[in-house]
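Q: I've got a chain open on my screen and want to walk through it. Can we go bit by bit?

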Amino acid sequence: MSQQYIYLIIICLVFLALIVILLKLKSQKSIPTFKYSKKPFLRDDEYTYYQLLQQLFGTYYLIFAQVRLGDIIEYKSFEYTPHNKIFMKSVDFLLVDKKDRAKYIVIELDGASHTAQDRMARDVFVNQALKSAGVPIYHQKKYKEYFYPEQIKKEILSTLQDVQL
C-alpha cells in the first residue's frame, strides 16, 4: 500500500511540474511583440524648408524641427487635460536666437492637410496657446512660395518684430 502512495505522489509531482512548465511557456508567449518601423525624420518638403531656413537664418538662429509644443510653452496649473493637449502636439520648426534662447518663433508649414476639419481645430488651439504664451508663429502657406526665400525671410522677421521680442 505504501508503494501505491509513492507512485501517486510521484505522478502528482510530475503533473504539477508539467503545469508549472506550461504556465511558464504561456507567460513567455504573452510578451508583446512590437511592430514599429523606422521612417524618415522629415518629409521631403519639410527637409527642403529646413534647408531654406538654415540658409536664411542659420547664422543667428538655432533651427529645430518637429518640436513638442510642451517643450516651448507650459500651462500654469496642475490640471492634466491642458498639459496633455500641449504634450501631444508638435510644431514644424522652431527658430531660437543664438544669443538669447528666450527669443524664438514657431514656424508651421500649412500644406493641404491643414484644410481638414480636425487639422483646422488643432491649428486654432496651437495658435491660441502660443499667443497666450507670447510666442510668435509664422504660417508658411504654400510649397511654391519656398522659391521666394527673401520674401519668406522678410515675413518671418516681420512676425518677430510684431511681437517685439
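Q: Let's start with tyrosine 47. How exposed is it?
A: This is a predicted model, so keep that in mind throughout. Tyrosine 47 has a relative accessible area of 43%. That makes tyrosine 47 partly exposed, because the class runs between 20% and 50%.

Q: And tyrosine 50, what does its relative accessibility count as?
A: Tyrosine 50 comes to 23%. It counts as partly exposed too.

Q: Where do tyrosine 47 and tyrosine 50 lie?
A: Both are in helix 2, which covers residues 44–57. They are 3 residues apart, about one turn of the helix.

Q: How many aromatic pairs are there?
A: The count is 5 aromatic pairs. Take phenylalanine 34 and tyrosine 36. Their ring centres are 5.9 Å apart and their planes sit at 20°, so this pair is stacked. Tyrosine 47 and tyrosine 50 make a stacked pair as well, because their centres are 6.3 Å apart and their planes are at 15°. Planes have to be under 30 degrees apart to count as stacked.

Q: Back to phenylalanine 34 and tyrosine 36. Are they buried or exposed?
A: Phenylalanine 34 is exposed, at 62% relative accessibility. Tyrosine 36 is exposed as well, at 73%.

Q: Which residues form the aromatic cluster?
A: Tyr47, Tyr49, Tyr50 and Phe93 make up one cluster.

Q: Phe93, okay. What does phenylalanine 93 stand opposite?
A: Phenylalanine 93 faces isoleucine 107, which is in strand 3.

Q: Let's zoom out. How many helices and strands does the chain have?
A: There are 5 helices and 4 strands. Starting at the N terminus, they run α-α-β-α-β-β-α-β-α.

Q: In what order do the strands sit in the sheet?
A: The order is 1-2-3-4. The sheet is open and its pairing is mixed. Strand 1 (61–68) and strand 4 (137–140) are the edges, each pairing on one side only. From one strand to the next, the twist averages 25°.

Q: Mixed how? In what sense does each pair run?
A: Strands 1 and 2 are antiparallel, over 7 bridges. Strands 2 and 3 are antiparallel too, over 4 bridges. Strand 3 (residues 104–109) and strand 4 pair in the parallel sense, again over 4 bridges.

Q: What joins strand 2 to strand 3?
A: A hairpin does, through 6 residues.

Q: Why is strand 2 called largely enclosed?
A: Because 7 of its 8 residues are buried, strand 2 is largely enclosed by the rest of the structure. Buried means under 20% relative accessible area.

Q: Give me some partners across the strands. What does tyrosine 61 stand opposite?
A: Tyrosine 61 is opposite aspartate 97 in strand 2. Over in strand 4, isoleucine 137 is the bridge partner of valine 106. Glutamine 140, also in strand 4, is opposite leucine 109.

Q: Which way do the residues of strand 4 point?
A: Ile137 and His139 point one way. Tyr138 and Gln140 point the other way. All of these are buried.

Q: Which strands does helix 2 lie across?
A: Helix 2 lies across strand 1, strand 2 (90–97), strand 3 and strand 4. It runs at about 10° to strand 2.

Q: New topic: threonine 159. Where is it found?
A: Threonine 159 is in helix 5, residues 149–162. It is buried, with a relative accessible area of 16%.

Q: What does threonine 159 contact, leaving aside its neighbours within four places in sequence?
A: Its contacts are Ile105, Pro136, Ile137 and Tyr138.

Q: One more residue. Where does lysine 89 lie?
A: Lysine 89 is in the loop between helix 3 (80–87) and strand 2. Lysine 89 and leucine 69 are 20 residues apart in sequence, but 5.7 Å apart in space, C-alpha to C-alpha. Not counting residues up to four places away, lysine 89 touches several others, including Val67, Arg122 and Phe125.

Q: Last one. How much of the whole chain counts as buried?
A: Of its 165 residues, 30% are buried. The accessible surface is about 12,600 Å², and 60% of that belongs to carbon and sulfur atoms.

Note on methods:
Residues are numbered from 1 along each chain as its sequence is written. This is a predicted model: local features need pLDDT of at least 70, side-chain atom pairs count only at pLDDT 80 or more; totals for chains, interfaces and linings use all residues. Side-chain values use heavy atoms; hydrogens and water are left out. Rings of Phe, Tyr and Trp (its six-membered ring) pair if their centres lie within 6.5 Å; planes under 30 degrees apart count as stacked, over 60 as edge-to-face and the rest as tilted. Buried means under 20% relative accessible area, exposed over 50%, partly exposed in between (1.4 Å probe, protein chains only). Helices (H or I, at least four residues) and strands (E, at least two) are DSSP runs, numbered from the N terminus. Two strands pair if DSSP finds at least two bridges between them. Axes are lines fitted to C-alpha atoms, for helices over the stretch in contact, and angles run from 0 to 180 degrees between N-to-C directions. Contact means heavy atoms within 4.5 Å. Accessible areas come from the Shrake-Rupley method with a 1.4 Å probe; for residues, only the protein chains shown count as cover.
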